[in-house]
Amino acid sequence: MVSAVSISVSPVTGTFPSTLPTNSEGPLVRQADRVLLVGCLLVGTQLLGPIGLVILIVGVYLLKRAKDAGEDVRPLAVTVFGVFSIVDAATNFLGWSIDTFAHDTHLGQVFMNGFGRLIDGGYYIHYNDLLLGGTGVAGEKSWQIFCVFGVFPLRIVAAWGFMKMKRWGFDMMLITCWMYAVFWFGYILNISVDFENRMGATVFGVVGWWVFDVWYITPFVILPWMYAVNRRKWNR
Amino acid sequence: MNTSLDNVAVDLRRRRNAVNALAAFGLLFFVGWISVNVIQALVQGHGLGIGDGHVRPGQVGDQSGHGWLGDTGLLAATIAVDALLVGAWVWLAPRLRIEGGKEPSPEKVAQEDWYVLPIPNLTRILVGVGIACAVGVSVCGAVLFPVILIRYGW
């Protein structure tokens, strides 16, 4: 068993011994978390992203107020990684849900075919031609089903539990981080093998694809940190 | 006693190496794949997408949908299925807590450090990247649909 090591005080990294005697959650923290969740879900709608971003900032401010009021507040790193994971998963979840279930709607086709022509050719070339509809790339569809039913909804739930300092939240966060990392590898390999029909057949090409998608790197950011943190803190 | 302390030090060193390796791998993963894709674009003559991208003509099919009512029903069903999926995981995940043996009391845990391995500098970098990415997701997501509508219409 690795023992705990004490170092300098920092509110961002949380590298200080907690002085609070209980593991209960105060009312101000609960209020701040509700605001954060609303912000995450608004960002997840994509179109309302900037409004959601402002609400997220308000949520972080409310957390700071809760801390000033003496409530037990988790380190900022936990909040940032939780919010980042929910935003990432919610955005992908909604987008791919539309391609999975609503690919026949006018809205779905305008959005997906537009996205396809700008960023990823798999969303306009042979669109709606396969058995399950939506993207015309079989590999993309299989990743999509895997993520819509498994990874993304579970990751939203896991990140929320993680922020609420639940042990199951920490465990599920770790599990979905690895799932997501494996997904990233399979997904980018799939796109690269079919390069000329994906990034190679769009307005914004390679640069556009990466500028749009590089932000979804949650597992690679969070995994190293999760193996340095004291898991026992997630004991609610 | 010394042996026990030595073991702790070895554990910490091994863990630090592994955490640093994971962080480095994350960086290399993206630098590597971006490089591969850029090389593919240049070798296959597609260009990078900065003014030289192209769309394959005649590939966009019928976009008429199922009428206002049908489309609304499909979109509402999509939202309902999404809510059901999240609800199913909300029910399942807390029931799958992994027990870690005998745990100390909450009061004792509250006195422990947040980190078994102190990585303040790496944490600051990762938190910064996390904030930047959340902003990136928000901005890119918000800009996408208006750009589609302006360029291709409704």
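Domain bounds, as used here, come from an automatic or database domain assignment. On that basis, chain A is divided into domain 1, covering 25–73, and domain 2, covering 88–233. This is a predicted model, in which local features need pLDDT of at least 70 and side-chain atom pairs count only at pLDDT 80 or more, while totals for chains, interfaces and linings use all residues. Residues are numbered from 1 along each chain as its sequence is written, and chains are lettered from A, with ligands numbered from 1, in the order in which they are written.

The centres of domain 1 and domain 2 of chain A, taken over C-alpha atoms, are separated by 25 Å. Where the two domains touch, domain 1 of chain A gives 7 residues and domain 2 of chain A gives 4 residues, two residues being in contact if their C-beta atoms, placed from the backbone, lie within 7 Å. On the side of domain 1 of chain A that touches domain 2 of chain A, 3 residues are nonpolar, 3 polar and 1 charged; in this scheme Ala, Val, Leu, Ile, Met, Phe, Trp, Tyr, Cys and Pro count as nonpolar, Asp, Glu, Lys and Arg as charged, and the others, Gly among them, as polar.

The axes of α6(A) and α8(A) lie 9 Å apart and meet at an angle of about 140°, which makes α6(A) oblique to α8(A), since angles under 35 degrees count as roughly parallel, over 145 as roughly antiparallel, 65 to 115 as roughly perpendicular and the rest as oblique. Among the residues that make this contact are A:L174 and A:W184 of α6(A), together with A:F220 and A:M226 of α8(A). By class, the contact of α6(A) with α8(A) holds 10 nonpolar residues, 1 polar residue and no charged ones.

Turning to the partner chain, the contact between the chains takes 100 residues from chain A and 89 residues from chain B. The largest share of the side of chain A that touches chain B comes from α3(A), with 13 residues. That side of chain A has 62 nonpolar, 29 polar and 9 charged residues.

As for confidence, the predictor gives the complex an ipTM of 0.90 and a pTM of 0.89. Chain B averages a pLDDT of 91, and 98% of its residues score at least 70, pLDDT being the predictor's confidence in each residue, from 0 to 100.

Key. Helices (H or I, at least four residues) and strands (E, at least two) are DSSP runs, numbered from the N terminus. Axes are lines fitted to C-alpha atoms, for helices over the stretch in contact, and angles run from 0 to 180 degrees between N-to-C directions.
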